[in-house]
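This report looks at how one protein chain is packed on the inside. Look over the sequence and the structure before reading on.

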Amino acid sequence: MSGHDADHWDQRYADTDRLWSAEPNPTVAEVVEPMRPGRAVDLGAGEGRHAAWLARLGWQVTAVDFSGVGIERGRGNAPDLDIDWVVADVRAWAPGAGGSFDLALVAYLHLADDVLGRVTGWLAPGGALVVVGHALRNLTDGVGGPQDARLLHTEEQLAVAASGLRVERLGEVTRPTAEGDAIDLVLLARRPCTGATVA
């Protein structure tokens, strides 16, 4: 999801049977698969491919997106899975009182607003923030993705967003596509357990 309004994304989802692959992004799968399932939030969930994948791995998932069409498609594609589907703008949405997550997944959510700064506060002790998205360098050296530099990730911006967390991985990933190689950035950062300090 990139910086357009809900109507724009409703139309994009309505115009096709499936806008994105049904499979999880390979980098998301690589980073998340080794984790022990707990409570997860998928922000900018779109058609719910990552939410459904997480639920099948045993995660208790909340999927949030401002496109009602995308959320309904996700619900329809995974009727047997226990997922809390939420139609809401992630720039304003927050979990209920006492809500905390063992995983906050932010995959290809490209907004000019600082969403990540709010998300870190939702992590339980030991909880992980996983961000995968288009790198700023993709504009000049890669293919696809938003063409607005304000919406793209840099290592510096992600490092700032992860302030107070323990960064375990931060760097570029090359993603082959039919049009050529796309350049993504991946962040894995954890909230320290109680009493721990960030190195």
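A residue counts as buried if its relative accessible area is under 20%. The structure shown here is a predicted model.

## Helix α3

By that cut-off, seven of the eight residues of α3 are buried, so the helix is mostly covered. The buried ones are Arg-49, His-50, Ala-51, Ala-52, Trp-53, Leu-54 and Ala-55. They pack against helix α2 and against the strands β1, β2, β3 and β4.

An α-helix has 3.6 residues a turn, so residues three or four places apart point the same way. Just after α3, Gly-58 has a positive phi of about 105°.

## The largest nonpolar core

The largest nonpolar core is made of 30 residues. Those with the most contacts inside this core are Val-32, Met-35, Leu-54, Trp-59, Ile-83, Leu-103 and Val-130. Two or more residues each come from α2 (26-32), α3 (49-56), β2 (60-65), β3 (83-87), β4 (101-107), β5 (123-134) and β7 (180-190). Helix α3 gives the largest share, with five residues.

What does Leu-103 contact, leaving aside its neighbours within four places in sequence? Its contacts are Val-32, Met-35, Arg-39, Ala-40, Val-41, Leu-54, Trp-59, Ala-128 and Val-130.

## A buried charge: Asp-42

Asp-42 lies in strand β1. Which side chain of opposite charge is nearest to Asp-42, and how far away is it? The nearest is Arg-49, at 7.8 Å. A salt bridge needs a side-chain nitrogen of Lys or Arg within 4 Å of a carboxyl oxygen of Asp or Glu, so Asp-42, although buried, has no salt bridge.

The side chain of Asp-42 does reach a backbone atom: the nitrogen of Ala-51, at 3.3 Å. Ala-51 is one of the buried residues of α3. Not counting residues up to four places away in sequence, Asp-42 touches His-50, Ala-51, Thr-62, Ala-63, Val-64 and Leu-105.

## The β6 and β7 hairpin

Strand β6 covers residues 166-177 and runs antiparallel to β7, joined to β7 by 11 bridges. The two strands form a hairpin, with two residues between them. Within this pairing, Val-173 stands opposite Asp-184 of β7.

Conventions:
Residues numbered from 1 in each chain as written. Predicted model: local features only at pLDDT ≥ 70, side-chain atom pairs only at ≥ 80, totals over all residues. Heavy atoms only, no water. Core = buried A, V, L, I, M, F, W, Y, C linked by side-chain atoms within 4.5 Å. Buried < 20%, exposed > 50% of the residue type's maximum accessible area, 1.4 Å probe, protein only. Helix = DSSP H or I, 4+ residues; strand = E, 2+ residues; numbered from the N terminus. Contact = heavy atoms within 4.5 Å. Pairing = 2+ DSSP bridges. Lys, Arg positive; Asp, Glu negative; His and termini not counted. Polar contact = N/O pair within 3.5 Å; in protein donor to acceptor, adjacent residues only side chain to side chain.
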